[in-house]
Amino acid sequence: DLALEVPPERNLAMNRVLRSFSAALGLAAALAVSAVANAGPAQDLVQARRSEVASKLKEAPSNERDKKVAAVLGQMFDFDTMGKTSLGKHWETLSEAQRTEFLALLGQLVQRSIEKNVRTTMNYDVDWTGEEAGDGGTLVKSKAKKNEKDDPIAIDYLLTESDGWRVVDIVTEGSSMVGTYRSQFRRIMEK
């Protein structure tokens, strides 16, 4: 039998460290359960629509398939809000015809971007980590990674609920799609 003699003061310190570690571990477990428990209707919508788009993108390319993808994305995204937010103060300077044309073009731009994103991440493991109240709506949080060696990519969806849940922004690794568009459009509009 090998017994270690530990001075009482070190034994107390080790007990404190173990208690702190146990408390931290318990907190982490509670947060993990909390994240799963925070899944709700916004997350359900994003997961379902993303799966639907991925399924349609596996079909052979055709005009019919593209129309189906556009229909799903049209149900998923609030292009009006995205357009107004992307143009900021410049939205008010556009005529109704210009706004309609802009929203149609924005819809196509977002559709191509989302299709590219879904194709890229189609075979990734996506961990849906819940939803939480955020600035301007509900944030559905996810992390995607191709394999265990890779660092996960944070892909968060900002949704609002007015006429059902609709995505108004996607934030990838902290970079807002709408914010990026706003910056680009502002430069164009101010020329």
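**View 1. Glu115 and Arg119 pair up in helix H5.** Glu115 forms a salt bridge with Arg119, and the closest N and O atoms are 3.9 Å apart. This is a predicted model. Both residues sit in helix H5, and because they are four residues apart, about one helical turn separates them. An α-helix has 3.6 residues a turn, so residues three or four places apart point the same way. Are the two partners buried or exposed? Glu115 is buried, because its relative accessible area is 9%, under the 20% cut-off. Arg119 has 40% relative accessibility, so Arg119 counts as partly exposed.

View 2. Glu96 and Arg99 lie three residues apart in H5, about one turn of the helix. Glu96 is exposed, with a relative accessible area of 56%. Arg99 is buried, at 16% relative accessibility. Which residues are linked in a network of salt bridges? The network links Glu92, Glu96 and Arg99.

**View 3. Asp66 and Arg65 meet through their side chains.** Their salt bridge has an N to O distance of 2.9 Å. Side chains of opposite charge can pair when their charged atoms come close. Asp66 is partly exposed, at 29% relative accessibility. Arg65 is buried, with a relative accessible area of 6%. How many salt bridges does a search of the whole structure find? The search finds eight.

**View 4. Helix H6 spans residues 177-189.** H6 has 13 residues. From its first C-alpha to its last, H6 reaches 18 Å, close to the 18 Å expected at 1.5 Å a residue. Which residues of H6 are buried? They are Met177, Val178, Tyr181 and Phe185. These residues cover an arc of only 85 degrees around the axis, so they lie on the same side of H6. What do the buried residues of H6 pack against? Their partners are helix H4 (79-87), helix H5 (96-121), strand S4 (165-172) and strand S5 (175-176).

**View 5. Ser176 caps the N-terminal end of H6.** A side-chain oxygen of Ser176 lies 3.4 Å from the backbone nitrogen of Val178. Val178 is also one of the buried residues of H6.

**View 6. Glu173 has a positive phi.** The angle is about 50 degrees, although Glu173 is not a glycine. Most residues other than glycine have a negative phi. Where is Glu173 found? Glu173 is in the loop between S4 and S5. Glu173 counts as exposed, because its relative accessibility is 52% and the cut-off for exposed is over 50%.

**View 7. Thr138 lies in strand S2.** This residue belongs to a strand that covers residues 137-145. Thr138 is buried, with a relative accessible area of 14%. What does Thr138 touch, not counting residues up to four places away in sequence? Leaving those residues out, Thr138 touches Ala42, Glu131, Glu132, Tyr157, Leu158, Leu159 and Trp165.

**View 8. Glu148 lies in the loop between strands S2 and S3.** The loop runs between S2 (137-145) and S3 (153-161). Is Glu148 buried or exposed? Glu148 has 66% relative accessibility, so Glu148 counts as exposed. Asp125 is 23 residues away from Glu148 along the chain. The C-alpha atoms of the two residues are separated by 9.3 Å.

**View 9. The whole chain puts the close-ups in context.** How many helices and strands are there in the chain? There are six helices and five strands. Read along the sequence, they follow the pattern α-α-α-α-α-β-β-β-β-β-α. The chain has 191 residues, and 32% of them count as buried. Among contacts with a separation of 6 or more, 48% come from residues 24 or more positions apart. The chain exposes about 12,300 Å². Carbon and sulfur atoms supply 53% of that area.

Definitions and conventions
Residues are numbered from 1 along each chain as its sequence is written. This is a predicted model: local features need pLDDT of at least 70, side-chain atom pairs count only at pLDDT 80 or more; totals for chains, interfaces and linings use all residues. Side-chain values use heavy atoms; hydrogens and water are left out. Helices (H or I, at least four residues) and strands (E, at least two) are DSSP runs, numbered from the N terminus. Buried means under 20% relative accessible area, exposed over 50%, partly exposed in between (1.4 Å probe, protein chains only). Contact means heavy atoms within 4.5 Å. Accessible areas come from the Shrake-Rupley method with a 1.4 Å probe; for residues, only the protein chains shown count as cover. The expected span of a helix is 1.5 Å times one less than its number of residues. The arc is that of the directions from the helix axis to the C-beta atoms. A polar contact is a pair of N or O atoms within 3.5 Å; within protein, one must be able to donate a hydrogen and the other to accept it, and residues adjacent in sequence count only if both atoms are side-chain atoms. A salt bridge is a side-chain nitrogen of Lys or Arg within 4 Å of a carboxyl oxygen of Asp or Glu.
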